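Morning, everyone. I have one structure to walk through today. Please look at the sequence and the model first.

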Amino acid sequence: MDQNIKPVKVSLYIGDTGELGQAMQVFLASEPVKQRLVLRMSDSDEALQEDLRSGRADYGFSMPPDFSEQVRSGKGELNAYPGRMVERNLTAEAVINGFVQEIKIRQSAAIVTMGKAASAQSPDLSSAHTGVSPSMVHVGTLAAGGNVVFGHVSSLQYYSVAYLIMFLLFSGMSAAISLTEEREKGTLQRLYAMPVSMNAIVFGKLAGILAIAFIQAAFIVTFTKVIYGVDWGTDYGGIALICLLTSIAAVCLAVIIASFVRSRKAVELIYSMLVVMMTFFSGGMVAGLGQTVQDIGKFSINHWANEALRQMMSEGSLSGQWQAVLTLGAIAAGLVWISAFRFRKAVEV
């Protein structure tokens, strides 16, 4: 073995206590396997997946509790979870292939002793890709394209959603800057002389910013779909709803900040830092930063908007997946309520 090649960290869950589960443990305890893999035992398939998300493992492999019985009945499915690095995936797959080849030898022996009846019930273990039948090893799974950090969407879908929401939030900064500039120049105060209420004037300005945000969102969705082939699902009404809630939250957040901060530069700094931090903690800049970061991200607008859009991408629509949308709506409603109380402070000199 090339000593420059680091062993692959594999998170392993063996739920089967039968013959094949014991055979797997013996196989993994062999010296050639130890040289190629560093094993991390997990007590469940969910724990295995968390190891991959957090970066504690490069590859995941699990054997269900009834695997031996499944194989006897002509079925049987192992679960392989590829990680981020292609070369490490290939190394781990080679080891899996070695174990499955051992199962083939066992089945061949069973065919000799049990005759053609056993042959008729034995699963086909051949495969052009890994030497393993698709009915024996299920690859997959935490993510499209085999990358565990992006959930059930591809990396392109993941970041398209993240940057769409980030741009929508930055559109709110123009509202904060506009209010601050007009307050400093006294423009809003001069508008009091017009036969129109101040509320109507300011709400009109904010509505214009919402319209611009919608145009930006439509452009991003159309551009990524046509040029890069990003699948946004079929529920464009759901996309519009999420963009509307996000834009409302952004504009209200801008009003709140403008009510406390009087300088344009300070508004730009605070708002930019806030959007960047929310994008970071929601995984919009770097995916798979760990459970602690994910937990912090749940307090951001980005997290719930991202979740709603990604659910729609993976499921095709928002039908039955309303938790993220309702949470985002609650955040937007809370910001509307706070901004209503701070509105006068935002426009008064």
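What share of the contacts with a separation of 6 or more comes from residues 24 or more positions apart? The answer is 72%. Contact here means heavy atoms within 4.5 Å.

Some ground rules. This is a predicted model, where local features need pLDDT of at least 70, side-chain atom pairs count only at pLDDT 80 or more, and totals for chains, interfaces and linings use all residues. Residues are numbered from 1 along each chain as its sequence is written, and side-chain values use heavy atoms, with hydrogens and water left out.

Now the overall picture. The protein has 14 helices and five strands. Those are DSSP runs, numbered from the N terminus: helices are H or I with at least four residues, strands are E with at least two. Of its 349 residues, 46% count as buried. Buried means under 20% relative accessible area, exposed means over 50%, and partly exposed lies in between, with a 1.4 Å probe and protein chains only. The accessible surface comes to about 17400 Å². Carbon and sulfur atoms hold 62% of that surface. Areas come from the Shrake-Rupley method with a 1.4 Å probe; for residues, only the protein chains shown count as cover.

On to the inside. A nonpolar core is a set of buried Ala, Val, Leu, Ile, Met, Phe, Trp, Tyr and Cys residues joined through side-chain atoms within 4.5 Å. The largest one has 53 residues. Which of them touch the most other members? Leu164, Trp232, Tyr271 and Leu309 do. At least two residues each come from H7, H9 (198-227), H10 (236-260), H11, H13 (301-315) and H14 (323-347). H10 gives the largest share, 13 residues.

Take Leu309. Beyond residues up to four places away in sequence, Leu309 touches Val161, Leu164, Ile165, Trp232, Ile239 and Ile242. There is also a second, separate core of 23 residues, with Met24, Phe67, Ala80 and Val100 among them.

Thr279 lies in helix H11. Thr279 counts as buried because its relative accessible area is 1%. Setting aside neighbours within four places in sequence, Thr279 contacts Met166, Gly284, Met285 and Asn302. Asn302 is in helix H13, and Asn302 is buried too, at 1% relative accessibility. With the neighbours within four places again left out, Asn302 contacts Ile165, Leu169, Met278, Thr279 and Ser282.

Cysteines, briefly. Cys243 is buried at 4% relative accessibility, and Cys252 is buried at 10%. How many disulfides are there? The count is zero, where a disulfide is a pair of cysteine sulfur atoms within 2.5 Å.

Tyr163, Phe167, Val276, Phe280, Met285, Val286 and Leu289 make a nonpolar surface patch of about 550 Å². Helices H7 (155-185) and H11 (264-281) are the elements that give two or more residues to this patch. Patch members have over 30% relative accessible area and no salt bridge; nonpolar side chains (Val, Leu, Ile, Met, Phe, Trp, Tyr) are joined within 5 Å, like charges within 9 Å. A salt bridge is a side-chain nitrogen of Lys or Arg within 4 Å of a carboxyl oxygen of Asp or Glu. Tyr163 sits in H7 and is partly exposed, at 34%.

Last stop, Gln323. Gln323 lies in helix H14. Is Gln323 buried or exposed? Gln323 is exposed, at 61% relative accessible area. Gln323 and Glu307 are 16 residues apart in sequence, and their C-alpha atoms are 9.3 Å apart in space.
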